[in-house]
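Hi everyone, thanks for coming. Please have a look at it first.

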Amino acid sequence: GDIIIEDWAFFGHSVTILTGKHDIGSFDQARQANIPKGGRDVIIKRGAWICSNATITGPCIIGEHAVVAACSFVNKDVPPYAVVAGVPAKVLRYINLENQTF
């Protein structure tokens, strides 16, 4: 899959983004070589903040200005302006847009 990172997105240390997978029904060389060529894209939207040691697996979209907390595991879409954390990551809250300047 592809990794698409929009403007102003930023990352902490040791972030991992995975777009592939392997067929657990295959063995030996076939398990290593049988990798889908597409469809597992990760899109990180404008201004998203991915904190240190987070892992993101595709397919998923990290919404605009969302925050992925440190050490989180993301395996599904993250809504815009959401703060997610945990293994697997869950929405903790949404960023308050009142009094924000863009």
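Let's start with the largest nonpolar core, which has 16 residues in this predicted model. The residues with the most contacts inside this core are Ile-44, Ile-50, Ile-56, Ile-62, Val-68, Val-74 and Val-78. As for the strands, at least two core residues come from each of β4 (42–44), β7 (60–62) and β10 (82–85).

Let me pick out one of those residues, Val-78. What does Val-78 contact, once we leave aside its neighbours within four places in sequence? Ile-61, Ile-62 and Gly-63 are in contact with it, and so are Ala-66 and Val-84.

Now, please follow β10 onward to its partner. β10 and β11 run antiparallel, with 4 bridges joining them. Val-83 has Arg-93 of β11 standing opposite. The hairpin of these two strands has 4 residues between them, and in this hairpin Gly-86 takes a positive phi near 110°.

So is β11 tucked away or in the open? Strand β11 covers residues 90–94, and of its 5 residues the number buried is 0, so β11 lies largely in the open.

Finally, let's go to the surface. Here Ile-3, Ile-5 and Phe-11 form a nonpolar patch, and together they have about 250 Å² of accessible area. Ile-3 belongs to strand β1, residues 3–5.

Conventions
Residues are numbered from 1 along each chain as its sequence is written. This is a predicted model: local features need pLDDT of at least 70, side-chain atom pairs count only at pLDDT 80 or more; totals for chains, interfaces and linings use all residues. Side-chain values use heavy atoms; hydrogens and water are left out. A nonpolar core is a set of buried Ala, Val, Leu, Ile, Met, Phe, Trp, Tyr and Cys residues joined through side-chain atoms within 4.5 Å. Buried means under 20% relative accessible area, exposed over 50%, partly exposed in between (1.4 Å probe, protein chains only). Contact means heavy atoms within 4.5 Å. Patches are made of residues with over 30% relative accessible area and no salt bridge: like charges are joined within 9 Å, nonpolar side chains (Val, Leu, Ile, Met, Phe, Trp, Tyr) within 5 Å. Accessible areas come from the Shrake-Rupley method with a 1.4 Å probe; for residues, only the protein chains shown count as cover. A salt bridge is a side-chain nitrogen of Lys or Arg within 4 Å of a carboxyl oxygen of Asp or Glu. Two strands pair if DSSP finds at least two bridges between them.
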